[in-house]
Structures are given as C-alpha cells and as structure tokens.
Amino acid sequence: MNITVFGTGYVGLVQGAVLANAGHHVICVDVDADKVDQLNQGNVPIYEPGLEPMVKELHAAGRLDFTTDAAQGVAHGDVQFIAVGTPPDEDGSADLQYVLKVAATIAEHMEAHRIVVDKSTVPVGTAAKVSACMAEVLATRGRSDLTFDVVSNPEFLKEGSAVADCQKPDRIIVGTESEHTEEVMRELYAPYNRNHEKIIVMDVKSAELTKYAANCMLATKISFMNEIANLAERLGADIEMVRQGIGSDPRIGYHFIYPGVGYGGSCFPKDVQALIRTAGEIDFDARVLKAVESRNNEQKTTLFQKIHRHYAGELEGRTFALWGLAFKPNTDDMREAPSRVLMEALWEAGANVQAYDPEAMEETQRIYGNRDDLTLCGTKEAALKGADALVIVTDWQVFKAPDVELIQQQLKEPTIFDGRNLYDPKRMQRKGFRYYSVGRQG
C-alpha cells in the first residue's frame, strides 16, 4: 500500500519507518528542508533506540522517502497520516493550526479519494474540524465531487521504546463509521494483527477521547504514587514496600507506580492540560485532572526542597553533580523535564551544576547555551569531581550500579539526593553517605 505521513517527529518518523518495514511504500513530508535533507542522508535527528538503522536500511531499499513536496506526498498515498505537533496553546488547549494546515494541503492537492488519518494527539471533535477544513478547500477549488474520509487512529508510543511499541502494539484504535475505511485500515495494520485481534473499531469521538484518557490515567497513577510517597516520608513508612504491596494486586499492577520527581516529556503534561481545557469548554470541572497536574508541578520541586533544607538555604557557590537530564531514560527529550526545574532553582540560589546524561547533552546545550554555572561533562564520573553532592534525576541504566567508593572520593562530602530511588538507603548509610530519596526514611 502507498502511504504518506505528514510530519517527521517522534510519531511520524517512527510510524513511517515501521510501516515501510512491513512492506508498505512510505513517503514522509516535512516543511523543514534541512531535516528532510538529513533524513535522506540517513541522519535521524532524534534519539530513539533502533530507529536510525531502520531508517537508513529502508531509505536505501527505496521503501521510505522524505520530501518537502506536499503535492508529491498527496499524490502518492491512498492513506494520508497527519502526524504533526499539537503543542499547548497559552490557555493549555491543543494548538490545531498544524493539523488543519496539513488537512488544507491534502484537500488542495488531492485528485482522488483519500483516507486521512489523525495520528496526532488531538481533542475530541478534531476529525470534524479536519473534515470541514478539507470540504471548504475542495469547494473553493470547485472539486466538491472528490471524496475523503477522516479517521482517528491515535498513537500509543513511549519515547525510548517507540519502535518496539509500534511494531508490537497492544491495541490499535480505529475511529471510523465507514465500512470501506475500516477494511482499508485493517489491511494496513494486518502485519501487526496476526497473533491475536488488536484492532478496536469505534466511533471517531470515542477514539479521540481514548488517547487522552489513556495518557491522563497514566499521569494520574504517577501523581497518586508521588502523593503517597510524600505521605510515607512524613509517616515513617517506606514507599518501596508500599509499592510492592499494592503492585501485587492485579487490579493495580506494577506499571507506572514508581515514585519520583514528576513526569515530563511531550505527552503527559500537554495532554492533561488539553483535557482540562476541553472539560472547561463544556462547563465541566475536571477536578481529578487538575489535582494530577498540580501534584506533578509540585513534585518537580521536591529535590530542590531537600537540597535547600539539607544546606539550611546556604546554596550560593556550591556545586552539584546531576546525573540525568532527559525526562526519562532512552531519550534525549527534555521537554517538561524535572531536571530543568531543579537546575533553574539551583542557579537562582547561586549554585553551580555539573551534569551528565547519556543522550541529552546536546539538547541541554541547545536549550541553555553557554553558562558559567553549567558544566556538561563527558562521563558520569567527571560530573562528580569536586561537587558538594550528587543529585540523581533520571533513572538511566548506567546509574544503577555505581562505584560507591569512587563517588565518595570525588564528592566534597558523601551526600546523595536520589530522585529515582535507585539505591538501598541502609547500604548507602553504612557506606557513610547522607542519602535522601523519595518516600523512604533517610
């Protein structure tokens, strides 16, 4: 099948590559000429495990192409994916200008029936707006005879495992009431639907809401667990024991119940905000979602609060080693990352930061530029040298089995603020560390 994907971000590039890998012929369209040139040379601008070699192989084989020519893209694909960004607007609502611009572009160039797939995360009612936009452009062209169908097909990819999630989805949501479109979508996704039925067909609005509901549920689990962790600290309980105790209940499970320093990234923060905004537009007070957002914003400040308390507010001139800058492991994404809240608070207090992350160093440099109070180090060990304390912000695998003696030697004093509960408090205390974690004593 010939497929066109508008957008080459996390969603568009991964979806395009995986569809091409299954045998479809895919063209990805992007307005950024430099990005398209880099992709045609096999250079992937984002870090995602397994993505770059797949893109290089498929492009060389002629099954995955990149272009800025929208007309070429519209002419190519029987199915047109819209996978562009929906950033939060000033009021928290999802900004649909890029989605609607692609819809207008498709209508401007199409000469035959097209199935338009909303892959971007969009509010309920977006498919109707896309349809109206396309109908208006077709009418202006005098081509109202051309037909199209708009489908909601939300993505459920996790940064850091997006390729695997796309190749082995746990469900494929298809929002359509057209039997023909359903048949085409089933054919499109047949390679991923062989072991057991994964396709769930529903009406368009339900499909649009399913995406938001899924992300908001996961964000809720994280914020709930962080709230219980804060209680555990004050009550003398151990959140890790509590986590195991409740996770053993199959109704709860172990996923997304790890306490920490708050969620970040491109999805959870904006999707919670967007659903709150959608609720407000229909005069519904989304109290639970507002609490989720509020708890998460406060949780991002907890590491700084512990540091501030330990040093009695005397942070000016001190240096802190930060392990982890990306919002989660296996990505270089720093959007809404807890590390940013922490670093900016430390700088405001007059402290210096020596930081290391396996993948997010260039992104940190891009965001903050050159600063006298920020040193980006080539190794996790280099970040320790001469620092007053170690602060762990992201739970990369490389941080989980540290050389404790080396840490002790390199730091000015043996103090660790662990925002991800990577180590055993009793062991660290036996080694002579002042060890602060999340929801545990010490």
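First, a caution. The model is predicted. Please keep that in mind for everything I say.

Let's start with the build. The chain contains 18 helices and 14 strands. Its radius of gyration is 24 Å. The globule rule gives 22 Å for 442 residues, so the chain is as compact as a globular protein of that length. Along the principal axes, the C-alpha atoms fill a box of roughly 75 × 45 × 45 Å.

Next, the contacts. Take the pairs that sit at least 6 apart in sequence. Of those contacts, 72% link residues at least 24 apart.

Now burial and surface. How much of the chain counts as buried? The figure is 53% of the 442 residues. The chain exposes about 19800 Å². Carbon and sulfur atoms account for 49% of that area.

On to charge. There are 64 negative side chains and 46 positive ones. The centres of these two sets are 7 Å apart.

Last, let's zoom in on the strand pair. Strand β1 covers residues 2-6. Is β1 mostly covered or mostly open? Mostly covered: 4 of its 5 residues are buried. Its partner here is strand β2, residues 25-29. The two strands run in the parallel sense, and 5 bridges join them. Within that pairing, look for Ile3 on β1: Val26 in β2 stands opposite Ile3. One reminder while you look at the side chains. In a regular strand, they alternate between the two faces of the sheet.

That's the tour. Thank you.

Technical notes: Residues numbered from 1 in each chain as written. Predicted model: local features only at pLDDT ≥ 70, side-chain atom pairs only at ≥ 80, totals over all residues. Heavy atoms only, no water. Rg over C-alpha atoms; globule rule 2.2 N^0.38 Å. Buried < 20%, exposed > 50% of the residue type's maximum accessible area, 1.4 Å probe, protein only. Contact = heavy atoms within 4.5 Å. Areas by Shrake-Rupley, 256 points an atom, 1.4 Å probe, with all protein chains shown as cover. Lys, Arg positive; Asp, Glu negative; His and termini not counted. Charge placed at Lys NZ, Arg CZ, Asp CG, Glu CD. Pairing = 2+ DSSP bridges.
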